[in-house]
Amino acid sequence: MVRRNFIKQISVIGLGGFSCGASLLANPSLYKDLIIGHNTHRYKVDMSWGALDSKSYPVNDCHEMVQDSKGRIVLLTNHTQNNVIIYDKQGQLDEVWGTKFPGAHGLTLKVEGDKDFLYISDNERHEVIKTTIDGKIVNTFTCPIGSGLYESKDQFVPTETAVADNGDIYIADGYGEQHILHYSFEGRLLNVFGGRGDDELNFDNAHGIAIDNRNQQHTLLITDRMTNKLKRFSMSGDYIETINLPGAYICRPVIHDQYVYLATIWSGNGANGTGFVSILNKDNKLISSPGGCEPMYKEGQLQHMYQAIKLFTHPHDVCVDEDENLYVAQWNSGKSYPIKLIRI
Amino acid sequence: MEFWQVIPYKIDQNLRCIAIVLLLFCVACNMQKIKIAGNGVGEFVQEDEVKLAGPIVRIDSMFFKKQARVLADFRMEGASILYKFDDQEYSLYSEPIVSNRSGKITFRTEKETYNASDEFVMPFVKMNDHLKESNIQLIPAPDLAYSGDGSDSLSDQLKGDYNYREGNKWCGWQDSLVQIRIELASPMNLEKIWISTLTDIPSSIFNPKQISIFSENSLVAVGEWNMENDLNCKEYNIIPLSFTSIQISSVVIEIINEIEVPQWHPNSGNRPWVFIDEIILE
């Protein structure tokens, strides 16, 4: 009897637990996966995709990411214990290399024949370094002192590169004098445009550059970060148009299929911790802003953009895989690893 | 065969119930684990783990003569903007708010399941004529590059904007101590002083470190602030200093500024700036 009573008491407690569990089951809102983004581009968020043991594989700023020909995700950080961290798509560590890129900032991948090459823009070395995918240095682009554009090497502070089909290289001097430097494959300076100033063809933080291959006629898309603008130039440096993204401090354009993806490091009035991701469609209209407010156009003009949820801190780059999932690398975000956004 | 049928029939019926309950409890616990985790491999962030950002708030003028009009915006499906005057209860925001008195409106955003945003406070001040025909001395004089209209800039009832380099609304100093000495045209009962300043951290413009109010050489009020450490911060501030009402015919505002731009700033080691565009006596 005593035992039976004890069991009954346990049953009550157990039922209490069950009752609690049942109420949780009956209230699915408690388990709502966060879904960010708008219209056709919505995502679930995996914060732990690329998390590693920070003592063995530390990061400072996670600046940029690309996907190589093997489908691996390549991360560039300015931590000189492992400047390049390569993951498989599941977020498992594949390899690390690089100890001599203290200002590792821009990362561009170019396939030449059947080989992958990386272009690393280092804003402390004031150089762009071309390497093989496993870290062997192939070429280095230093400050073009002979051009007369710079008085000292320190004035050249490259942030990003874009490489054309013919091998020509475009370097954005985004933290320096705001020039766009056009080199031949052999490294000969062919042209210079942009530069600091207030005209539409000038820049105030020419932070990122990409080749827009969505149309037959390829063009250059260059972010003018502090003015919240994306500017289009011909491959020979002629200004074509400006795409206004008010309130969005965009880092670099990433072209995938018919869309342009842009990590947006700050928003609103540019305060810290206000970042999100911007996605433009083939007509260069903002259609989705994961982490940001709903895009809205009035009389053809995008209304001021700002952060809606405190998820991202300072997104600095977006990598898009073949399944259209996103990998978001962040600057100055507590030495955190990239965030994966799964397309739904 | 259902799962409870595999439990040996010889076990007491009560024990079978317990076993079923425990199994279900474990299922519930597992679900809870998924909810709490959010940061485990292959698990997704949940809505209730995320905080909303605050609304975007705009005002036609932080200094007004008749009324101030305040607008708030937050474009997120299903989210609400709440607001309250001074220390009243929150109300649902649905249209621009109009006020004909000095005060502050506090805003926040809410959405079911999500965590509410931090509060955002918008102050606004009704202008008056107390400084009309008064004598205002600025010691030392503002920097030549940002001298505005001298003391007139601080009583012209015009708000400066973020482009502090143009116009004559802002007075800027790099001095560690600035005194604003005011001789009124006629005595008044004073209980609050508003000091309107600019923060523009990229340009090394910081809020004052300390502001003291003196009347007849006696300290009336003092306020202190920590240095802003957001490298991108640009904002207007209207700093109120309140005290027991006193009758005055003159008052001295003493502003102490930081001596050096801090280490984390690109201009570290240089002298920071302080910018003021208006003083209001109430």
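In the hairpin formed by strand 9 of chain A and strand 10 of chain A, 4 residues lie between the strands, and Gly135(A) takes a positive phi near 100°. The model is predicted. Strand 9 covers residues 127–132 of chain A and pairs with strand 10, residues 137–141 of chain A, in the antiparallel sense. Within this pairing, Thr131(A) stands opposite Ile137(A).

A further hairpin of chain A is made by strand 25 and strand 26, with 5 residues between the strands; here Glu324(A) takes a positive phi near 65°. Strand 25 (residues 315–320) of chain A is largely enclosed by the rest of the structure, because 6 of its 6 residues are buried. Its partner, strand 26 of chain A, spans residues 326–330 and runs antiparallel to strand 25. Val318(A) has Val328(A) in strand 26 as its bridge partner.

Chain B contains an open sheet of 5 strands in the order 2-8-7-4-5, with mixed pairing. Strand 2 (63–64) and strand 5 (91–92) of chain B stand at the edges; each has a single partner strand, so one side of each is left without a neighbour in the sheet. Strand 4 (residues 80–85) and strand 7 (residues 103–110) of chain B pair in the antiparallel sense, and Ser80(B) stands opposite Glu110(B) in strand 7.

| Strand pair | Chain | Bridges |
|---|---|---|
| Strand 9 and strand 10 | chain A | 4 bridges |
| Strand 25 and strand 26 | chain A | 5 bridges |
| Strand 4 and strand 7 | chain B | 6 bridges |

How values were computed: Residues are numbered from 1 along each chain as its sequence is written. Chains are lettered from A and ligands numbered from 1 in the order in which they are written. This is a predicted model: local features need pLDDT of at least 70, side-chain atom pairs count only at pLDDT 80 or more; totals for chains, interfaces and linings use all residues. Side-chain values use heavy atoms; hydrogens and water are left out. Two strands pair if DSSP finds at least two bridges between them. Helices (H or I, at least four residues) and strands (E, at least two) are DSSP runs, numbered from the N terminus. Buried means under 20% relative accessible area, exposed over 50%, partly exposed in between (1.4 Å probe, protein chains only).
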